[in-house]
Amino acid sequence: MTRLRAAGPADAGAVGMILSEFVDTTPWIPRVHSRAQDLAHAGDMIEMGWVTLAEDGRDVIGFAARDAGDLHALYVARHARGRGVGSDLLQQAKAAVSRLTLWTFQANTAAQRFYRRHGFTEVLRTDGATNDEGLPDIRFEWRQEVA
């Protein structure tokens, strides 16, 4: 069973490891930050209070980083994908706000399918000139339905 909780400083290693694992196992994404930088970035997001963890028992298997209506990151450990962990994290983020925006790479077709399935619509495409990786990306948006 997956449990969601706020991340604390001691969780930076697990969050950084999930970030690094994604880069290490995704052929189309260049490594532009070291693993130490991934860890530092994880620590910074946690310190700002943005990170919610998904745990399976005592192991961290995913996380979402949200600042108000901006979803900065949503990653699930490779071995835990396809089990609803990302959906659980996204549902919690959507429950907290009436509008969410996020960026994903154009090459990440799995993420695009995931976000569309959860009600997000594409609002912008760029050539990637403004992201660290230099990869074309897409801005997605979700708005809570008004009854």
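**Figure 1. Overall fold of the predicted model.** The protein chain comprises four helices and seven strands. The model is a predicted one. Followed along the sequence, these elements of the protein chain occur in the pattern β-α-α-β-β-β-α-β-α-β-β. The radius of gyration of the protein chain is 15 Å, close to the 15 Å that the globule rule gives for 147 residues, so the chain is as compact as a globular protein of that length. The C-alpha trace spans about 40 × 35 × 30 Å along its principal axes.

**Figure 2. Burial, contacts and surface of the protein chain.** Of the 147 residues in the protein chain, 43% are buried. When contacts between residues at least 6 apart in sequence are considered, 57% join residues at least 24 apart. The protein chain exposes about 8200 Å², and carbon and sulfur atoms supply 51% of this area. With regard to charge, the protein chain carries 17 positive and 19 negative side chains. The centres of these two sets lie 6 Å apart.

**Figure 3. The aromatic pair of Trp28 and Phe105.** Seven aromatic pairs are found in a search of the whole structure. One of them is formed by Trp28 and Phe105, with 5.8 Å from centre to centre and 70° between the planes. The arrangement of this pair is edge-to-face because the angle of 70° is over 60 degrees. The pair links distant parts of the chain, its two members being 77 residues apart. Trp28 belongs to the loop between helix H1 (12–25) and helix H2 (35–47), whereas Phe105 belongs to strand E5 (residues 99–105). Trp28 has a relative accessible area of 29% and is therefore partly exposed. Phe105, at a relative accessible area of 14%, is buried. Trp28 and Phe105 also belong to one aromatic cluster, together with Phe22, Phe63 and Tyr75.

**Figure 4. The aromatic pair of Tyr115 and Phe140.** Tyr115 and Phe140 form a tilted aromatic pair, with 6.3 Å between the centres and 40° between the planes. Tyr115 lies in helix H4 (residues 109–117) and Phe140 in strand E7 (residues 137–143), so this pair ties together parts that are 25 residues apart in sequence. Tyr115 is buried, with a relative accessible area of 8%. Phe140 is likewise buried, with a relative accessible area of 0%.

Figure 5. Ala68 is found in the loop between strand E3 (59–67) and strand E4 (70–76). Most residues other than glycine have a negative phi. In Ala68, phi is near 55°, a positive value in a residue other than glycine. The relative accessibility of Ala68 is 48%, so this residue counts as partly exposed.

**Figure 6. Surroundings of Asp11.** Asp11 is located in the loop between strand E1 (2–6) and H1. The relative accessible area of Asp11 is 11%, and the residue is therefore buried. With its neighbours within four places in sequence left aside, Asp11 is in contact with Arg5, Ala6, Ile46 and Leu53.

**Figure 7. Surroundings of Gly119.** Gly119 is situated in the loop between H4 and strand E6 (121–126). At 41% relative accessibility, Gly119 is classed as partly exposed. Residues up to four places away in sequence not being counted, Gly119 touches Glu141 and Trp142. The C-alpha atoms of Gly119 and Gly13 are 32 Å apart in space, and the two residues are 106 residues apart in sequence.

**Figure 8. Surroundings of Glu133.** Apart from residues up to four places away in sequence, Glu133 touches Ile29, Pro30, Val32 and Phe105. Phe105 is also a member of the edge-to-face pair with Trp28. The C-alpha atoms of Glu133 and Thr104 are separated by 12 Å, the two residues being 29 residues apart along the chain.

Terms used: Residues are numbered from 1 along each chain as its sequence is written. This is a predicted model: local features need pLDDT of at least 70, side-chain atom pairs count only at pLDDT 80 or more; totals for chains, interfaces and linings use all residues. Side-chain values use heavy atoms; hydrogens and water are left out. Rings of Phe, Tyr and Trp (its six-membered ring) pair if their centres lie within 6.5 Å; planes under 30 degrees apart count as stacked, over 60 as edge-to-face and the rest as tilted. Buried means under 20% relative accessible area, exposed over 50%, partly exposed in between (1.4 Å probe, protein chains only). The radius of gyration is taken over C-alpha atoms; the globule rule is 2.2 Å times the number of residues to the power 0.38. Contact means heavy atoms within 4.5 Å. Accessible areas come from the Shrake-Rupley method with a 1.4 Å probe; for residues, only the protein chains shown count as cover. Lys and Arg count as positive and Asp and Glu as negative; His and the chain ends are not counted. The place of a charge is taken as NZ of Lys, CZ of Arg, CG of Asp or CD of Glu.
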